[in-house]
Protein chains: 2
Amino acid sequence: MKKSDVVVIGGSAGGIPAAISCRRRYPEKSVLLIRKEEQVLIPCGLPYIFGTVGSPEKNLIPDAMLKNNGIELIIGEVEEIDRDKKVVSIAGGETVSYDKLVSATGSSPVILPIPGVDKENVFSAIKDVAYLNNMLDKVNQAKDIIIIGGGFIGVEFADECKKNRDNSVTIIEILPHCLELALDEEFCIEAERGLAERGIKLLTNKRVEAILGNKQVSAVRLAGGQERKADMVIMGVGARPNTELAEKAGLQIGPTRAIAVDRFMRTITDPNIFACGDCAEKYAYFSGKPSRIMLASIAGAEGRIVGANLFDTRYRNCGEIGVFSTIIGEQAFGCAGLIERMARQEGYDVVTGEATAPDRHPGLMPGATSTKVKLIFSKDNGLLLGGEVSGGRGTGELTNIISACIQNDMTAYEVSLFQMGTHPALTASPMVYQLVNAAELAVKAMAR
Amino acid sequence: MKKSDVVVIGGSAGGIPAAISCRRRYPEKSVLLIRKEEQVLIPCGLPYIFGTVGSPEKNLIPDAMLKNNGIELIIGEVEEIDRDKKVVSIAGGETVSYDKLVSATGSSPVILPIPGVDKENVFSAIKDVAYLNNMLDKVNQAKDIIIIGGGFIGVEFADECKKNRDNSVTIIEILPHCLELALDEEFCIEAERGLAERGIKLLTNKRVEAILGNKQVSAVRLAGGQERKADMVIMGVGARPNTELAEKAGLQIGPTRAIAVDRFMRTITDPNIFACGDCAEKYAYFSGKPSRIMLASIAGAEGRIVGANLFDTRYRNCGEIGVFSTIIGEQAFGCAGLIERMARQEGYDVVTGEATAPDRHPGLMPGATSTKVKLIFSKDNGLLLGGEVSGGRGTGELTNIISACIQNDMTAYEVSLFQMGTHPALTASPMVYQLVNAAELAVKAMAR
């Protein structure tokens, strides 16, 4: 029987960082990663296969990351975890004994429980090269693509499936706005304008009741009976944690149906088994409540916690702040922490500050894009609860600055004195730098 | 006699934020800003007038910023401050009484004390529209431009003066590398490679001893006697604080020859007079030592402190972290806090971590640029002392994330768990995100 100090099950956004961090923290320990897939797709890159990047093969995580860090790789499916013997069994009969085990089995797309989802030309964001190659062929042929779900995945798929093609792309969203769970209404409306400009149709407040057709899709039926023509349907309606293996091993499952873990990312059932990424239960940073958020970046942060804690409990997970960014056409959007609506729902008395300026200076610098920052503070103590950004390509890192301020519990007063560097070709002007001006306007509003 | 609750002298990177912040914090107070210039140039934009932007008139700070915030403007030169009567006198005879006064008189370029600096075609970064228009004409005509000083200003002028022109541009730097005061050697070498690729010549370890010629410049002479042909010379060798007015008013001057202020940005001489920006004495964040650093972004942060403290001492200046960024061709560079060499000079036992990855993911995304982050930590307590970045256009905000981590006294352990958002078109992949990987590698190095 093979033996490894650490066995990691799953080779994507959670498993790889867990394995690498373990090797960095405990170089004397052997680490073996077992995954099902011959090739691993970059999860956040899936939508971009269909336009910008061009093929699944161009969107792979290189195995060199494992080799370079001295991590052994087995491609195979783990069928069983024997917790008493501390042994995993791989399909085909191989067994591996472990000292510490990491479950990083990820998630699978939610398939709506409606008639017709099994028809040909109904797809979802499945992380499999052959599946995605077939899906790409279909996108190239389809005339009427319907995307169910207007979250990040749905919007990104829509934008990419439209690129360089003479087709009709329609997003059907059950909520009043696309991206509504991630952004405040004014930002959603901006995003919707971007979609419209790119020729993408959006139906909101609409529920898909059935997918119609014979063998192939011909239309979808909305609640109320309206039908919309479609020769291809893509579902982007969330994901569910892959917990079958963990459940079979008797590991407790939490309230969001993910593997229950403590603040050290140990399963609450077995101190020798850890979990990270989409398969692991999460807690929101501010409320401490169980959270269904799933992001590759969170999987990575959790993986790093797991890697550090495997043989010595070093790091506590302070809860998920939730930091997203995306781009529609040339306009990027980002958010970190609580948006205003969510903060109010959580019972906070909130004060907001907002500042808009070009992201270069002077505004005549080539590539300058008007960029807006909205910050949300608790009126009680001035604490930064969250922020949103819409603007140019700097939006991703600008959103991460907001995240840095949140995870350091900064107040409006402190953010208003933020010491940033600025440069004509790289940032807004120091005088109108959006982050500090939004914070200062919030301070002003608090004083009222 | 005119009367204003607050009078701000100087209308650029320090004065404007001081005035605006005062109006935001104390909306009941009247604020009058007095400046010499008809039109105010964006200071960091000066080099870009000569290539990317095209004219001084396209690089102006709009007066609307003042009007929109209810700030009155007088264009004129303050000749005297009567501290007993609390009155300033403007050239031409007008007088204004104040309750609180802000000196934001900025700095002027250092002119080297060498023969020939008064010849025609010798220029420096003087913030004056007519001067810069003349300088632009000369840049357009010059065949052999010599730039004295390879700091940020010198390098940016070189890059811009070369753009779209058939000329020879040479930087002469007294230190072993260009940008040596801001970046560690390996980054300087990268920058030098960028300059060379753009056809800019660089002479290091060379001191200019004299500027030669008759009425016009014909050459410069280096120490040792070597001569270099030149029909235009641009000096970028630093700036000195404009303190004449303050000195005349009896305000104490500090060890860097700037106006001495306390941690609340009040002059140490007169509690009713504050100073901010290049004219005000600065202290380094880590050492607390007087610092000669001058940046528009620092002026802005200080201006915001002044604006808040004028009538109620609210904010302490924690010292200047020093956050720069620049770009040479398409490669950007940034630094925040202490570079490795400076940290060692300050006596720190340092540990560094470095990570390089494309700034988009997969690396095949259009526009992806290899981006390196180096972080410098104190080995004693793991505290982040500084960081450097070289890479794509996200470098400016990425450097600001490092600044956020420094100003919150984060350790390598904490930075390695940083919760960032990532997106294929906007950031590095979560697995290779440079900031957290550099921190984790530093943690590994500390454990040795």
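Helix α7 of chain B, residues 296–309, has 14 residues and reaches 20 Å from its first C-alpha to its last. That is close to the 20 Å expected at 1.5 Å a residue, the expected span being 1.5 Å times one less than the number of residues. Of the 14 residues of α7(B), 14 are buried (buried: 20 or more other C-beta atoms within 10 Å of the residue's own; exposed: 12 or fewer; partly exposed: in between; C-beta atoms are placed from the backbone). The model is predicted, and local features need pLDDT of at least 70, side-chain atom pairs count only at pLDDT 80 or more, and totals for chains, interfaces and linings use all residues. Residues are numbered from 1 along each chain as its sequence is written, and chains are lettered from A and ligands numbered from 1 in the order in which they are written.

**Chain A overall**

- Chain A contains eleven helices and 24 strands (DSSP runs numbered from the N terminus: helices H or I of at least four residues, strands E of at least two).
- Its radius of gyration is 23 Å, close to the 22 Å from the globule rule for 448 residues, so chain A is as compact as a globular protein of that length (taken over C-alpha atoms; the rule is 2.2 Å times the number of residues to the power 0.38).
- The C-alpha trace of chain A spans about 65 × 55 × 40 Å along its principal axes, and 57% of the 448 residues count as buried.

**Where chains A and B meet**

- In chain B, 68 residues are in contact with 68 residues of chain A (contact: C-beta atoms, placed from the backbone, within 7 Å).
- Elements giving two or more residues to this side of chain B include α1, α7, β20 and β21; α9(B) gives the most, with eleven residues.
- This side of chain B has 35 nonpolar, 25 polar and eight charged residues (nonpolar: Ala, Val, Leu, Ile, Met, Phe, Trp, Tyr, Cys and Pro; charged: Asp, Glu, Lys and Arg; polar: the others, Gly among them).

**Helix pair α11(A) and α1(B)**

- The axes of α11(A), residues 434–447, and α1(B), residues 15–25, are 9 Å apart at an angle of about 25°; the two helices are therefore roughly parallel (angles under 35 degrees).
- A:Glu440, A:Leu441 and A:Lys444 meet B:Ser21, B:Arg24 and B:Arg25; the residues of this contact divide into one nonpolar, one polar and four charged.

**A:Phe264**

- A:Phe264 is in the loop between α6 and β17 of chain A and counts as partly exposed, with 16 C-beta neighbours inside 10 Å.
- Not counting residues up to four places away in sequence, A:Phe264 touches A:Asn309, A:Thr313 and A:Arg316.

Definitions and conventions: Axes fitted to C-alpha atoms, helices over the stretch in contact; angles between N-to-C directions. Parallel < 35°, antiparallel > 145°, perpendicular 65-115°, else oblique. Contact = placed C-beta atoms within 7 Å.
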